[in-house]
Amino acid sequence: MTPQIELIDVNKHYGSFHALKGIDVTIPKGQFVALVGPSGCGKSTLLRSIAGLESISGGTLKIAGEVMNKVPPRKRDLAMVFQSYALYPHLSVRDNLTYALRLRGVSKAERARAAEEVAAVIGLGALLDRRPAELSGGQRQRVAMGRAIIREPKAFLFDEPLSNLDASLRVRMRKEIRAIHDRLGATSVYVTHDQIEAMTMADHVVVLRAGVIEQQGPPLDLYARPVNRFVAGFIGSPAMNFVPATVVEGGGAVRLDAAGGAEVAVAGRVEGGRRVIAGIRPEHLDIVGADTPGAFALTVGAVEPTGSVTYVSSDDEPEILLVADGATRVRTGDRIHVAIAPERVHLFDPESEAALG
Amino acid sequence: MRRVLNTLRDGVGFDTLLVIVALTYLLLFAGLPLIYNVVISFQHVDIFSLGTLFHPSAGWENYTAIFTDPLARTVLVNTIVFTLASVALQFTLGFAVALFFDRQFPGAAWIRGLFLAGWVMPGLVVGVLWNWLLSGDFGVINYVLEALGIIDDPIFWRSDVDYSLFSVILANIWYGMPFNMILLSVGLAAIPDDLYEAAELDGANVWQRFWTITLPMMRATIGAVLALGIIFTLQQFDLFAAITSGGPAGSSTVAQYWSWQLSFREFDFGRGAVISVLMIVVVLAVALIYVRSTRAETRL
Amino acid sequence: MTPVWQDRLFLAIALALAAIYLFPLYWMYVTSLKTGSSIFAVPPEFLPGAPQWDVYTGIWAEANMPRYLWNSLVIATGVTLVTAGIGAGAAYVLARYRSLWIDAVLFTVLMLQVLPPSLMVTPIFVGFSSVGLLDYPRLAAILAISAKTMPFFIILCRAAFLTVPRELEEAALVDGNSRAGAFFMIALPLARNGILVGALLIFMQGFGEYVYSASLIADNRLQPASIGMTNFMEPNVVNWNSIMAFAATYVTPILAVFVILQRQIVSGLTSGALK
């Protein structure tokens with residue numbers, strides 16, 4: 001089946017600045033794809049290139065099988081939700097929703113019906129005659145959504161649509177957007193800097209850094225098998241601990257530079273004596289009894305209870321963070337013993353930062 | 001052809017077209033005259049040779065004529081005095097009024113706006129009004145000055161060589177003050193109140209607050225207002241036409257008026273162009289300093 | 001002193017300052033209503049005794065007021081149309097992009113804004129007369145004045161376009177607008193207020209313009225009211241009541257528009273001037 005959106009070796013230059021470097025992404029119809037990365041990584045540029053708001057300098061962009069490199073945005077048949085919502089302030093909510101239909105010559109009666117329908121979906125029926133300035137942030141966000149779903153575009157593009165909402169609304173809208181996507185059987189590309197949004201919403205996550213795709217795949221694959229230290233640190237919250245270490249003879253374990261030179265068993269096959277970076281997710285470290293096999297000792301530095309869980313960090317340099325049960329009673333200065341399953345320890349090359357083993 | 005149409009609708013062609021049209025217009029009706037000005041300053045152009053595009057060459061003759069003209073010295077001094085006195089007083093009075101209205105009492109903004117009524121008037125009408133106000137025998141200004149005991153005999157503002165330039169300066173101060181005031185008001189309003197509050201807590205009195213907070217914070221605005229003041233004052237023409245016509249005996253003639261007089265009263269366009277060229281260099285130099293400094297401050 | 005009394009004191013001072021400043025305008029209206037002899041009374045009458053309204057009807061016919069005002073209107077309208085029609089688009093582009101080219105254009109515009117008309121009129125007159133434009137004097141004046149007003153208008157409108165978020169146009173592009181469509185349907189309506197204020201200021205400048213009209217329009221029947229006024233003054237130099245009536249008739253429309261739209265004019269003016 002033809003992919004809905006296909007990017008082949010896409011490059012973008014701004015003068016001497018190389019913003020996108022050899023981007024290859026294939027998005028099948030119906031998939032929800034998240035583009036995620038730190039600010040300046042090129043994720044918005046990539047989205048805007050798909051929309052046609054930026055022209056690409058090299059490579060091929062296909063939408064529904066057609067090459068779109070030089071096609072103006074209006075002929076690409078995409079819908080976009082902007083970070084600022086970009087609602088037309090001089091038009092009512094109704095006219096905002098139906099603006100695209102008006103440009104396509106849809107009759108007035110038809111437009112009115114579509115507006116009512118969409119307003120019901122996004123729950124804004126009573127507000128159709130208001131101006132955007134009279135709406136709350138959440139309502140504006142819904143109008144922006146409604147404006148996108150009123151026609152049946154080839155794909156939806158989202159540019160950090162939730163970043164201007166407060167935390168609780170953000171969590172709710174996350175689910176609503178995904179639900180709408182599923183109901184419409186739509187194809188969506190969603191840009192965010194928030195890896196939790198990417199993980200919770202997307203079928204396929206693309207991690208970008210400095211214009212390069214570091215890794216792409218299903219969210220849990222990225223979590224379980226990051227290909228390098230950057231992806232490992234970016235995906236997952238709180239972030240993975242990175243501890244310099246040396247592989248012991250035989251390769252079955254590493255000796256940490258922290259925690260008094262504790263030895264931790266690993267599953268990966270790496271030759272003995274090699275310097276590595278050990279990556280340990282805070283939620284994979286368990287506090288155990290001193291006599292547990294494979295356990296090692298830490299001195300507690302800071303303790304931050306949140307209620308549900310408690311963040312415990314060691315007084316090592318670099319510190320090692322772990323997520324303990326909310327009922328834990330450890331205090332600063334305590335000696336505790338922790339353990340981790342060998343297959344959960346990630347190893348990275350200190351130079352190339354690529355995953356080992 | 002299709003590609004051209006497409007870029008006009010969807011590409012940068014549309015934007016380029018918009019700029020090109022305006023730029024072409026400006027270059028045609030401002031840029032070209034600017035160059036042509038230099039050309040005719042080296043030519044003999046009188047009422048008979050007007051109709052042709054090319055006129056007999058004059059070499060440096062027009063320039064020597066201007067520099068050796070007995071009026072040149074007076075005009076130079078008048079231009080400097082007119083500009084400096086106008087700008088200094090427009091600015092000082094404008095700043096004083098702006099500071100007064102910065103106190104935000106009820107009605108302040110509205111009354112402040114009334115001052116701009118002077119600024120929206122046509123310059124020629126302002127000149128005619130001041131012509132009447134400054135009338136020697138029946139002018140209301142002479143009456144007020146006499147009633148207050150400041151002068152004993154009426155001053156013939158417009159016809160006395162000692163006062164003629166001053167009468168235009170007076171009118172120009174009235175005319176230009178509101179513009180200075182409103183721009184300075186905007187600058188004053190942009191200074192955050194908490195700076196003053198912090199200074200007050202630090203023990204600064206009103207006077208010290210003005211010197212240590214207001215003036216330093218207003219530096220960019222003051223520079224812009226002074227530069228704009230010089231530029232606008234060098235453009236002033238209507239007031240001269242309406243009050244003194246440059247007289248008597250050239251005592252109130254400034255460069256921009258002299259240039260016009262040579263061209264349109266004596267029909268010696270070559271010499272008119274000489275003064276025009278010289279003055280435009282001065283105006284552009286001031287504008288250059290202004291544009292460069294404001295760009296550095298506000299990044300446009 | 002309580003704040004209330006302080007406010008009242010400031011208000012009183014402010015009114016006094018405004019009264020002193022606006023006295024010349026007051027004097028114009030008062031003089032225009034006096035008889036031919038009472039304008040020379042010593043001491044001057046600061047309040048008009050019996051308003052002489054027939055001065056106005058007198059000069060209306062005698063001084064060809066309708067014709068002069070009509071010409072001023074034609075010139076002001078022409079200048080506004082040319083300036084706004086050509087300038088608004090350029091202002092938009094200058095607000096949208098940042099590049100060396102745009103900076104160069106902006107710089108050119110700023111520099112052209114400062115050229116004094118009384119100095120530019122010499123080359124313009126010579127040039128226009130050699131290409132035959134002076135055969136259409138009002139058109140010649142409109143073209144010359146527009147070159148002077150356009151840079152100012154572009155700077156003002158650019159400030160208005162800068163307040164329109166770029167994303168709105170991008171949303172319109174994705175929604176199906178062409179580049180030109182997004183300009184006309186989104187950017188232009190949203191910058192409307194700034195453009196209108198700019199156009200109004202240009203209209204008032206065109207209505208009161210003197211230098212170019214005086215130099216380029218020789219035919220008395222085509223001259224605007226500013227020249228009409230100087231024409232009228234020469235033979236009537238002692239009839240100050242008539243002259244002031246002429247002035248009052250000429251500027252009252254301008255002042256009326258200003259009083260009604262004061263707030264918009266002031267904010268439009270200040271947003272452009274310092275940028």
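Modeller: Let's start with a term: two strands count as a pair if DSSP finds at least two bridges between them. Keep in mind, too, that this is a predicted model.

The part I'd pick is strand E8 of chain A, residues 188-192. Who sits beside it? On the one hand there's strand E7 of chain A, residues 155-159, which pairs with E8(A) in the parallel sense over 4 bridges. To find one of the links by eye, go to A:Phe156, whose bridge partner in E8(A) is A:Ser188. E8(A) also pairs with strand E3 of chain A, residues 32-36; these two run parallel as well, and 5 bridges join them. Here you can look for A:Val33, which has A:Val189 as its bridge partner in E8(A).

Next, are the residues of E8(A) buried or exposed? The cut-off for buried is 20 or more other C-beta atoms within 10 Å of a residue's own. In E8(A), 5 of the 5 residues are buried, so the strand is largely enclosed by the rest of the structure.

Let's zoom out for the setting. Chain A is assigned domain 1, residues 5-234, and domain 2, residues 241-348. The C-alpha centres of these two domains of chain A are 39 Å apart. Their contact takes 5 residues from domain 1 of chain A and 5 residues from domain 2 of chain A. On the domain 1 side of chain A, the touching residues are 2 nonpolar, 2 polar and 1 charged.

One last stop, if you want a helix to look at too: helix H7 of chain C, residues 166-175, has 8 of its 10 residues buried. Among what covers those buried residues of H7(C) are helix H1 (43-51), strand E6 (78-81) and helix H2 (93-103) of chain A, along with helix H8 (179-190) of chain C.

Terms used:
Residues numbered from 1 in each chain as written. Chains lettered and ligands numbered in written order. Predicted model: local features only at pLDDT ≥ 70, side-chain atom pairs only at ≥ 80, totals over all residues. Domains from an automatic or database assignment. Contact = placed C-beta atoms within 7 Å. Nonpolar A, V, L, I, M, F, W, Y, C, P; charged D, E, K, R; others polar. Buried ≥ 20, exposed ≤ 12 C-beta atoms within 10 Å, placed from the backbone.
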